[in-house]
Amino acid sequence: MFHEMRIYEAEPAKFNILLKRFQDTNSVLFKKYNFNPIGFWSEQVGTPHRIIYVLSWEDWDQREKAWEKFYADSAWSKSLEENGSTVTKITSSVLKPLHF
């Protein structure tokens with residue numbers, strides 16, 4: 001098992017559009033394709049137009065197949081067409097636990 005942290009930095013004027021897409025599309029597709037989100041956050045102090053979330057994966061194969069299905073889903077394509085570009089930067093990190 002491992003954890004992946006993803007940070008989506010939105011164009012400041014489009015942050016609410018990105019939030020709505022996560023609520024209406026991403027979260028639905030996450031459930032449909034067996035993603036296991038640990039939690040979702042925005043920043044109270046720091047960069048105010050970012051969504052941060054952590055996913056738990058059983059193995060690399062699960063992660064690869066889930067993302068493949070997610071991006072192939074017509075609901076994802078439709079949300080991009082309807083909302084246009086909202087994200088300026090995506091950072092994805094696989095986290096390594098520390099033993100203390």
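This is a predicted model: local features need pLDDT of at least 70, side-chain atom pairs count only at pLDDT 80 or more; totals for chains, interfaces and linings use all residues.
Student: What makes a stretch a helix or a strand here?
Tutor: Both are DSSP runs, numbered from the N terminus: helices are H or I with at least four residues, strands are E with at least two. Helix α1 covers residues 15-32 and helix α3 covers residues 74-83.

Student: Why is α1 called roughly antiparallel to α3?
Tutor: Their axes come within 10 Å and cross at roughly 170 degrees. Axes are lines fitted to C-alpha atoms, for helices over the stretch in contact, and angles run from 0 to 180 degrees between N-to-C directions. Under 35 degrees is roughly parallel, over 145 roughly antiparallel, 65 to 115 roughly perpendicular, and the rest oblique. The crossing angle therefore makes α1 roughly antiparallel to α3.

Student: Which residues make the contact between α1 and α3?
Tutor: Contact means heavy atoms within 4.5 Å. From α1 come I17, R21, T25, N26 and L29; from α3 come A75, W76, S79, L80 and N83.

Student: How many residues of each class are in the contact of α1 with α3?
Tutor: Five are nonpolar, four polar and one charged. Ala, Val, Leu, Ile, Met, Phe, Trp, Tyr, Cys and Pro count as nonpolar; Asp, Glu, Lys and Arg as charged; the others, Gly among them, as polar.

Student: Why is I17 called partly exposed?
Tutor: Buried means under 20% relative accessible area, exposed over 50%, and partly exposed in between, with a 1.4 Å probe and protein chains only. I17 has 34%, so it is partly exposed. I17 sits in helix α1. Leaving aside neighbours within four places in sequence, I17 is in contact with N83 and T86.

Student: Is N34 buried or exposed, and how do you know?
Tutor: Its relative accessibility is 56%, so N34 counts as exposed. N34 is found in the loop between α1 and β2. Its phi is near 60 degrees, a positive value in a residue other than glycine.

Student: What about P97, buried or exposed?
Tutor: P97 is exposed, because its relative accessible area is 57%. P97 lies in the segment after β4. The C-alpha atoms of P97 and F2 are separated by 8.7 Å, although the two are 95 residues apart along the chain.

Student: What makes a set of residues a nonpolar core?
Tutor: Such a core is a set of buried Ala, Val, Leu, Ile, Met, Phe, Trp, Tyr and Cys residues joined through side-chain atoms within 4.5 Å. The largest one here has 18 residues, and F35, Y53 and W67 touch the most other members. β1 (2-10), α1, β3 (50-57) and α2 (60-72) each give two or more residues to this core. The largest share, five residues, comes from α1.

Student: Which residues does Y53 contact beyond its sequence neighbours within four places?
Tutor: Y53 is in contact with E4, M5, R6, Y8, F22, F30, G39, F40, W41 and W67. Y53 is also the bridge partner of R6, in β3.

Student: How do you know that β1 and β3 pair?
Tutor: Two strands pair if DSSP finds at least two bridges between them. β1 and β3 have eight bridges, in the antiparallel sense. W41 stands opposite I52 in β3.

Student: Why are β2 and β4 at the edges?
Tutor: Four strands form an open sheet in the order β2-β3-β1-β4. β2 (37-42) and β4 (87-95) each have a single partner strand, so one side of each is left without a neighbour in the sheet. On average, neighbouring strands are turned by 15 degrees against each other, direction ignored.

Student: Which helices lie on these strands?
Tutor: α1 packs on the sheet, touching β1, β2, β3 and β4, and its direction makes about 15 degrees with that of β3. α2 lies across β1, β3 and β4, running at about 30 degrees to β1.

Notes: Residues are numbered from 1 along each chain as its sequence is written. Side-chain values use heavy atoms; hydrogens and water are left out.
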